Amino acid sequence: MDNIESVYIHIPFCTSICSYCDFCKVLYHGPWVTQYLNALVEEIRDKYNGDLIKTVYIGGGTPSCLQEKDLRYLLDIVKRFNLDKDLEFTFECNLNDISDNLLDILKEYGVNRLSIGIESFNDAKLRFMERNHSFPQAETAMRLCRLKGFDNINVDFLYGIPGETLKDTKKDLEQILKLNPDHISTYSLIIEDNTKIGITKMVPIPEELDASMYEYICDKLEDKKYIHYEVSNFAKPNKESKHNLHYWNNDEYYGFGVGASGYTFGVRYDNTKSITAYIKGNFLLKEEILSVETKMDNEIMLGLRKMKGINVEEFFKKYGVNIQEVYDLKEVIQEEELIYEDGYLYVNPEYIYVMNEILIKLL
């Protein structure tokens, strides 16, 4: 049986709730935290199979909002895994939480990659998101992170807010680039039903404007020597997220915590989104044993998100069939929507923005 190399741990606590956030989260409540971490230990004991773990990602929610004793408890829990000596260990931080003490603790426990949810420096966008930070604050925080020895830092960048112009996006991205992050994850706003903005039935920006923003971001970041390695992700050389590549390679991974998803031993599962149910030990919401056909469809949907695309030989090794025998590629290759080159099948960069339409043709 293949080794499962990646672990995601979800920490649902936040000191405030952003207007657009669709992730599983609750307002920070001290008495729940220890109970939650106790339940996390039980879930790991129940599911983890002793695999050698090469990537750990602690996300949320806002993991950095934990008090020191709870943070240390969480990081001690990670030690329960059989960790590779070259482990990529990512920890999500809120800009407002970054301090000497937090960074010292993370460094002590072997965290070597930070993901900072900055999103924007535009005042109107920040008000829309119900967030509160400034560019000087971000500069100070980044300087401190570098001083503490963190040389692999991701910054999140959100665009496509109602009322935002292309000029706003350009200026915002300029400020993000001044921070010189190693990795930038970009997101166009999706208005989800069960968010504060979703409840108001807010209308998204025109698709043409969204496409122009995306095209500008891609061009600008590539001009600044960032490698566009996945639809929404850009990295300096050798700073690609190993953890997220596990997802896009359709490899199996453990997901622990309330609202987490995982893919282990051919089964895809979703945990409960109820923190009270989770604390009581009722971890699982649903699970599905994947057929070979579903696994291959997932391989297509996830693999084509990578700019490099799908390795055709690897596909054959995984599933024992040639990719062109399963999917009708003739039309999309003739139309140059997909390109087959050097053993890889990938989306023509000119068609990345309409990738979903290509996937519909294939699936």
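**Salt bridges in the predicted model**

Guide: Glu5 has a relative accessible area of 23%, so this residue is partly exposed. The model here is a predicted one. Glu5 pairs with Lys54 in a salt bridge, with 3.5 Å between the closest N and O atoms. Because Glu5 lies in the segment before strand 1 (6–11) and Lys54 in strand 4 (residues 52–60), the pair ties together parts that are 49 residues apart in sequence. Lys54 is partly exposed as well, at 34% relative accessibility.

Next comes a pair within a helix. Glu42 and Arg45 form a salt bridge with an N to O distance of 2.5 Å. Both belong to helix 1 (residues 30–47), where a spacing of three residues puts about one helical turn between them. Glu42 is partly exposed, with 39% relative accessibility, while Arg45 is exposed at 52%; the cut-off for exposed is over 50%.

Glu314 and Lys317 make another salt bridge, 3.7 Å from N to O. These two residues lie in helix 12 (residues 312–319), again three residues apart, or about one turn of the helix. Glu314 is partly exposed at 41% relative accessibility, and Lys317 is exposed with a relative accessible area of 58%.

For the protein as a whole, the count is 21 salt bridges. There are 41 positive and 60 negative charges, and their mean positions lie 6 Å apart.

Key. Residues numbered from 1 in each chain as written. Predicted model: local features only at pLDDT ≥ 70, side-chain atom pairs only at ≥ 80, totals over all residues. Heavy atoms only, no water. Lys, Arg positive; Asp, Glu negative; His and termini not counted. Charge placed at Lys NZ, Arg CZ, Asp CG, Glu CD. Salt bridge = Lys/Arg side-chain N within 4 Å of Asp/Glu carboxyl O. Helix = DSSP H or I, 4+ residues; strand = E, 2+ residues; numbered from the N terminus. Buried < 20%, exposed > 50% of the residue type's maximum accessible area, 1.4 Å probe, protein only.
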